[in-house]
Amino acid sequence: MTVLLFIAGVVFVAVGVVVSIALHEIGHLVPAKLFRVRVTRYMIGFGPTLWSRRKGETEYGLKAIPAGGYVAMIGMYPPNPADGSVRPSSTGMFQTLATEARSLAHEEVGPDDANRVFYRLPVWKKIIIMLGGPTMNLLIGVVLTAVLLMGFGTPAATTTLAEVNACQIAYGQPVPTDLRNCTKTPAAAAGLRPGDVITTFDGKPVTNWTTLTEWIRASAGKTVQLRYQRGGTSVTTAITPVLTARPVLDANGAPTLDASGKPVTVQVGFIGMGPASALAPAPATAVLPAVGHNISQIGGIVFQLPQKLLGVAKAAFSTEPRDPNGPISVVGVGRVAGEVAAMSEVPANARIATLIGLLAGVNLALFVFNLIPLLPLDGGHVLGALYEGARRSVAKLFKRRDPGPFDIAAMLPVTYVAATVLMVMGALLIYADIVKPVNLFG
């Protein structure tokens, strides 16, 4: 059963990724057709064609390697600016690369397609077409995040106790080996047990754990009345929070560090108990901030990608562990999905919620990654269109001749270098995810 659940998790994410790729390409296809650009092919995957069908002027199909997809539009590059043709004007290596790309872009252009080529579009239409794919991934990420937060909910602390600490231990100090002779925490001394539901503190009704924590922290050295429910019976006891050092947490719940790298602490009241958590649906207003937070985290990883990949390489070829907050490949995502699905001790709704969260994260990562202003990524095409618009605006301002469409084919040498780097990065991540996978679950 565990193996079947693992396979089911991998298949769930694999299908989700393929669907996400298909919708990404639809994000390019729909505006291209709306702007009357002739689209010759809509393909999911690369390599040999497994299945295809022509509908109208477009061939739709699936290819053998589901590692991406593409929409082929005629006239992606303008004719050779030197002579207005697609023939080479130079025999240099870079010029040959550009010329071959122009030839491919124009080989399917017919006599009636003069106004249906991509390069003739206004700049704003080119940008809409190129941003259509990443925008689709962003929308998928938003929808899946909404399903996750509003449908399944997020873990929230309740007023039910999950743990009661036996001993008072200074922050940062090890747990004593003999728990019988240690100084009891106020919670243990008051007889509290896991499963108790806190109802009042110092005569005030307790409705959430956050407020209760604030009251406890502000009550160091003060004996207060605490009421709780145990097995349907209301019990009242007296409790005195002790003054102790606790870490200052940042917005992500991690300890704040000082200049020397040590945790910053504050003296507050403490009684030694922890809450049980339960899934609580979030309001619609929580969706976009959550998406923004995820995008910010992904952007940070992308910005530090060279450094992160160096760490991945070191881990893959040594005994060092992988950084759980570092990048992973689709293979790594599939492995995590399989491990989550196989956790039979975890409730099914929690596992499904985690898988949906993984797919949401994949789509938001595709959104961020495709906006990198490098060819062959969508961001590179957008940058080319913006450059074209800028130089045309400058020419118009100074009443110069319109320079015409920007020949993005001239950037193909950079494109090939970037594509090679991306393939090497992808191969490294896949290798690392096979031989040294990220350990998220201990």
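A nonpolar core is taken here as a set of buried Ala, Val, Leu, Ile, Met, Phe, Trp, Tyr and Cys residues joined through side-chain atoms within 4.5 Å. In this predicted model, the largest such core comprises 41 residues, of which Val-37, Met-73, Phe-118 and Ile-129 touch the most other members. Two or more residues are given to this core by each of helix H1 (2-34), strand S1 (39-55), strand S2 (58-73), helix H3 (123-152), helix H8 (330-341), helix H9 (348-370) and helix H10 (378-397), and the most is given by H3, with seven residues.

The surroundings of Ile-129 were examined with its neighbours within four places in sequence left aside; on that basis Ile-129 is in contact with Gly-27, His-28, Pro-31, Ala-32, Phe-35, Val-37, Met-73, Phe-118 and Leu-121. In soluble globular proteins, nonpolar side chains tend to be buried together.

A search of the whole structure for disulfides returns one, which joins Cys-167 to Cys-182 with an S to S distance of 1.7 Å. Because the torsion about the S-S bond of Cys-167 and Cys-182 is about -70 degrees, the disulfide is left-handed. Both cysteines lie in the loop between strand S3 (154-164) and helix H4 (186-189), and the pair therefore ties together parts that are 15 residues apart in sequence.

Technical notes. Residues are numbered from 1 along each chain as its sequence is written. This is a predicted model: local features need pLDDT of at least 70, side-chain atom pairs count only at pLDDT 80 or more; totals for chains, interfaces and linings use all residues. Side-chain values use heavy atoms; hydrogens and water are left out. A disulfide is a pair of cysteine sulfur atoms within 2.5 Å. Helices (H or I, at least four residues) and strands (E, at least two) are DSSP runs, numbered from the N terminus. Buried means under 20% relative accessible area, exposed over 50%, partly exposed in between (1.4 Å probe, protein chains only). Contact means heavy atoms within 4.5 Å.
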